[in-house]
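Here are some questions and answers for a first look at a structure. Keep the model in view while reading.

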Number of protein chains: 2
Amino acid sequence: MTETFPRSPDAKPPTMIDVARRAGVGLGTVSRVVNGGAGVRAETAERVRAAIDELGFQRNEVARALRPGKKSSSLALVLGDLTNPFFATIAKASLEVAGQSGFAVVLGSVDEDPEGEKRAIQELIGRQVAGLMIVPDQSDHSFLMSAGVPVVFVDRPAHGIDADIVMVDNEAGGKVATDHLLGQGHRRVAILLAPSYYTTGRRLRGYRRAHREAGVPVDESLVVQLPEGTAEAAEKATSELMDQADPPTALFASTNFVTEGVLRGLGDNTRPAVVGFDDFRMADMLPTPVTVVASDIADLGRTAARLLLARAAGTDTRPPQRIVLPAVLIQRGSGERPPV
Amino acid sequence: MTETFPRSPDAKPPTMIDVARRAGVGLGTVSRVVNGGAGVRAETAERVRAAIDELGFQRNEVARALRPGKKSSSLALVLGDLTNPFFATIAKASLEVAGQSGFAVVLGSVDEDPEGEKRAIQELIGRQVAGLMIVPDQSDHSFLMSAGVPVVFVDRPAHGIDADIVMVDNEAGGKVATDHLLGQGHRRVAILLAPSYYTTGRRLRGYRRAHREAGVPVDESLVVQLPEGTAEAAEKATSELMDQADPPTALFASTNFVTEGVLRGLGDNTRPAVVGFDDFRMADMLPTPVTVVASDIADLGRTAARLLLARAAGTDTRPPQRIVLPAVLIQRGSGERPPV
């Protein structure tokens with residue numbers, strides 16, 4: 001008997017929840033019924049079966065949707081502080097790509113804490129995800145070799161494991177930023193570096209290479225390793241730099257938060273040129289619009305998610321890939337101030 | 001036999017992954033062994049059991065951790081665009097609270113798309129989460145009554161279901177912003193409203209109440225309903241408002257993105273006063289620092305996550321709660337410009 005439910009022409013197909021609702025039971029009861037009916041009263045089970053028939057469902061369709069943990073359709077994403085727009089953009093892009101393939105995303109957010117990251121990853125693997133996307137810290141990731149699911153690293157390669165990596169061209173970005181400043185005649189260009197992430201190390205290599213090619217020696221007192229990657233740390237370091245007897249005439253900030261701190265540290269001093277790495281919202285609205293080196297971070301997230309889905313589906317069986325996205329200079333004003 | 005693994009004094013307790021590694025198998029094999037050993041060769045199973053013993057594990061501890069879908073320790077979080085710092089802050093705070101209780105968070109991000117939201121919620125329920133945190137749209141959410149898991153709404157109540165809600169005091173916030181502008185003598189105060197979310201409707205009520213109490217009639221041409229809640233839409237509407245014969249002397253922007261658009265629309269015109277709803281990063285760094293009405297959004301996320309965990313654990317059995325967080329005025333300059 002298939003009495004169909006009255007529906008408007010544009011109605012969506014019925015769902016498990018429609019079944020539960022029509023039968024007047026919870027989703028758990030529907031699940032137990034389609035998986036054999038253990039622990040459900042005969043009368044209730046009959047009501048659920050009737051609701052399934054009435055709504056025109058294939059029973060095995062319901063069963064498949066409700067069978068726990070059989071075939072995972074979740075991806076795990078482990079990354080840093082979500083209130084950093086860089087990570088939020090990666091998360092948003094991954095969710096979109098995963099969602100288009102019917103995958104959910106389980107999130108682990110850890111802020112540069114190696115033990116926390118390892119714990120988060122292990123818990124996510126225990127939840128039987130189909131694959132892992134990780135923005136790794138500097139610690140050893142060889143423990144992932146026994147994870148049994150594909151892993152794609154994002155933004156930074158990991159130590160101790162050969163896996164896919166999708167990243168931006170940090171060294172080229174560091175070079176183009178520094179070339180730009182040296183090309184305008186700046187000879188004292190400071191670089192402010194968030195702690196020893198892979199990315200900032202590469203940006204520093206670009207900075208050094210630009211100096212070498214321009215024949216300008218690097219004054220090591222202008223290479224500033226920040227104790228942490230916050231705006232506060234960068235603000236303090238900038239004040240100290242500018243209080244030197246021979247301050248820099250230009251500053252290269254190695255991340256978006258560092259750029260914010262450099263601008264705060266400079267305050268009303270609008271003489272030094274500033275170039276930041278990573279674009280940020282309202283960079284163009286600040287008193288002097290901010291010149292940055294930027295990559296398409298949404299594309300970074302999308303590319304990684306697509307690669308992971310292909311690995312999880314087994315449609316991509318190539319050896320580990322290394323995908324590098326370009327970083328380009330966006331001139332807005334702060335990076336075009338001449339040396340004084 | 002319990003030969004213990006050599007460990008440094010500060011080593012963490014062993015994990016499932018350590019077992020898999022020591023036994024030289026995948027995590028799935030460890031899972032099958034502790035759950036009965038079906039489909040695993042006797043010799044392999046023995047190796048896994050030896051690894052478990054050697055690492056000093058309780059076998060049922062491993063089993064519990066690896067048993068799929070038995071007792072969920074995931075929460076689902078459904079919210080809007082993660083690149084909106086408002087949503088990113090809620091997500092970050094929820095993850096922290098959930099993580100402290102050993103819960104993971106499965107994320108669904110949908111951008112004001114009722115069908116997308118419903119689909120995301122149903123998929124998340126199918127993944128057997130222990131509870132749902134939802135920033136709901138305006139559509140009917142009565143389908144959640146059969147979800148079988150606790151639901152906490154964040155930022156906006158939902159229609160058709162009586163459930164916990166944690167929100168900010170939108171009406172009081174709208175009133176304090178408008179009071180502030182009227183109190184300085186502004187008589188033509190525009191309000192720019194993102195589309196009909198519950199929150200902006202309440203902010204408009206506060207705006208109207210402030211006018212009523214001050215005995216200032218509202219000019220309905222200054223109540224602007226934007227077609228969408230983007231900076232672009234607010235920028236366009238602001239340009240049109242300022243091109244009027246009798247433009248406003250003050251503007252109240254109902255969300256962070258609307259505030260950005262208002263500032264872009266005003267461009268070099270620094271005469272009108274501006275107050276925004278919701279604080280945002282670098283609001284204090286713009287050419288005129290931006291006055292806002294703000295709530296503690298991280299606290300909004302934390303409060304909702306704590307409530308949901310207590311509901312999921314069964315330790316909170318009160319009737320549905322309505323928790324309202326205060327909104328306070330932060331004066332920075334843009335809201336203190338006098339009428340001209």
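Ala, Val, Leu, Ile, Met, Phe, Trp, Tyr, Cys and Pro count as nonpolar, Asp, Glu, Lys and Arg as charged, and the others, Gly among them, as polar. This is a predicted model, in which local features need pLDDT of at least 70, side-chain atom pairs count only at pLDDT 80 or more, and totals for chains, interfaces and linings use all residues. Residues are numbered from 1 along each chain as its sequence is written, chains are lettered from A and ligands numbered from 1 in the order in which they are written, and side-chain values use heavy atoms, with hydrogens and water left out.

Q: How do the residues lining the second largest pocket divide into nonpolar, polar and charged?
A: A pocket is, on a 1 Å grid over the protein atoms alone, an open set of points where a 1.4 Å probe fits, with protein on both sides within 12 Å along at least five of seven lines; lining residues have an atom within 4 Å of a point. For the second largest pocket the lining has 40 residues. They divide into 19 nonpolar, 8 polar and 13 charged.

Q: Which helix gives the most residues to the lining of the second largest pocket?
A: Helices (H or I, at least four residues) and strands (E, at least two) are DSSP runs, numbered from the N terminus. Those giving two or more residues to this lining include helix 10 (256-266) and helix 11 (297-313) of chain A. With 7 residues, the most is given by helix 5 of chain B.

Q: What area do chain B and chain A bury between them?
A: Buried area is the accessible area (1.4 Å probe) that two parts lose on being put together, summed over both. Carbon and sulfur atoms hold 60% of it here, and the total is about 4500 Å².

Q: How many salt bridges are counted between chain B and chain A?
A: A salt bridge is a side-chain nitrogen of Lys or Arg within 4 Å of a carboxyl oxygen of Asp or Glu. One joins the side chains of Asp284(B) and Arg264(A) (2.5 Å, N to O). Between chain B and chain A the count is 6.
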